[in-house]
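Look at the chain below and keep it in view as you read. The report walks through a few side-chain contacts and the places where they occur.

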Amino acid sequence: MPADPRRSVTSKPSRDPGTSAVEVRRSARRSRTVSAYREGDRTVVLIPARMSEAEERRWVGVMLDKLAAKESRSVLGDRELTERALRLSGQYFDGRARPGSVRWVTNQNTRWGSCTPSEGSIRLSHRLQGMPEYVVDYVLLHELAHLLVPGHGPRFWRLLEAYPRTERARGYLEGVVAADRLPHFPGHTGSPDGEGLSGAREE
């Protein structure tokens, strides 16, 4: 339930690329809990009045991710995943990365995604299902970039700079790794002609 408007302070709505406006409402009636909900074309985040600005920024990010994950529970099929990859390639890589196949797999527990450039095949870990869409899109773009650049050199990362939520998506995945206490593997694993996105941040 929204806090009593008479006891709340509304901050100036902010915008993040790919998201709706965010309105933060502080309430003296809230002592610990934080909640969020959609209200038309904006997201309202309710926080205790005593929170610092740093805590506010952190909790807004957490609640936006939770809402996004909740809203993306429906799992895309392989066909929709391929269409999404082609759309992302057109938007960020001028359509130059054209995968032969994109599919979910259940045998990738230490990598978020992998790519075999010689076959044009991309595989995403089923663990991504239910995560925010911008995270899935980042992993798709990461693997699409491998169709253009095999390794993880400067040219590869310059390609991903076109996606405005790269750092946020990487931070989200790092948080999942830390929470699950997954081992950190290097980015290059598997067959010689395969490129993969590991559960840990790659350099």
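This is a predicted model: local features need pLDDT of at least 70, side-chain atom pairs count only at pLDDT 80 or more; totals for chains, interfaces and linings use all residues.

Residues are numbered from 1 along each chain as its sequence is written, and side-chain values use heavy atoms, with hydrogens and water left out.

Helices (H or I, at least four residues) and strands (E, at least two) are DSSP runs, numbered from the N terminus. Buried means under 20% relative accessible area, exposed means over 50%, and partly exposed lies in between (1.4 Å probe, protein chains only).

Start with strand E2. How many of its seven residues are buried? Seven of the seven are, and E2 is mostly covered. In a regular strand, side chains alternate between the two faces of the sheet. In E2, one side carries Ala-21, Glu-23, Arg-25 and Ser-27.

E2 runs parallel to E4, and seven bridges join them. Two strands pair if DSSP finds at least two bridges between them. Within this pairing, Val-24 stands opposite Val-45 in E4.

Val-45 also touches Met-63. Contact means heavy atoms within 4.5 Å. Met-63 is found in helix H1 (residues 53–71). It counts as buried, at 11% relative accessibility. Leaving out residues up to four places away in sequence, Met-63 also touches Val-34, Ser-35 and Ala-36. Met-63 and Ser-35 are 28 residues apart along the chain, yet their C-alpha atoms are separated by 7.1 Å.

## Salt bridges

A salt bridge is a side-chain nitrogen of Lys or Arg within 4 Å of a carboxyl oxygen of Asp or Glu. A search of the whole structure finds eight salt bridges. The table gives some of them.

| Pair | Closest N and O atoms |
|---|---|
| Arg-42 and Glu-23 | 2.7 Å |
| Glu-133 and Arg-84 | 3.4 Å |
| Glu-167 and Arg-170 | 3.8 Å |

Take the salt bridge of Arg-42 with Glu-23. This pair links distant parts of the chain: Arg-42 is in strand E4 (residues 42–48), Glu-23 is in strand E2 (residues 21–27), and they are 19 residues apart. Glu-23 is buried, with a relative accessible area of 8%. Arg-42 is partly exposed, at 26%. Arg-25 joins in too: Glu-23, Arg-25 and Arg-42 are linked in a network of salt bridges.

Next comes the salt bridge of Glu-133 with Arg-84. Glu-133 lies in helix H3 (residues 133–148) and Arg-84 in helix H2 (residues 78–92), so the pair ties together parts that are 49 residues apart in sequence. Arg-84 is buried, with a relative accessible area of 12%. Glu-133 is partly exposed, at 45%.

How far apart in helix H5 are Glu-167 and Arg-170? They are three residues apart in H5 (residues 166–180), so about one helical turn separates them. Glu-167 counts as partly exposed, at 49% relative accessibility. Arg-170 counts as buried, at 9%.

## Aromatic rings

Rings of Phe, Tyr and Trp (its six-membered ring) pair if their centres lie within 6.5 Å; planes under 30 degrees apart count as stacked, over 60 as edge-to-face and the rest as tilted. A search of the whole structure finds three aromatic pairs. In one, the rings of Tyr-134 and Tyr-172 have their centres 6.4 Å apart and their planes at 75°, so the pair is edge-to-face. Tyr-134 lies in helix H3 and Tyr-172 in helix H5, so the pair ties together parts 38 residues apart in sequence. Tyr-134 is buried, with a relative accessible area of 6%.

Phe-156 and Trp-157 also form an edge-to-face pair, at 5.0 Å centre to centre and 85° between the planes. Phe-156 and Trp-157 are both buried.

Charges meet rings as well. A charge sits over a ring if NZ of Lys or CZ of Arg is within 6 Å of the ring centre and within 35 degrees of the ring normal. The charged end of Arg-165 sits over the ring of Tyr-134, 4.2 Å from its centre. The charged end of Arg-127 sits over the ring of Trp-112, 4.0 Å from its centre.

Is Asp-94 buried or exposed? Asp-94 is exposed, with a relative accessible area of 66%. Its phi is near 55°, a positive value in a residue other than glycine.
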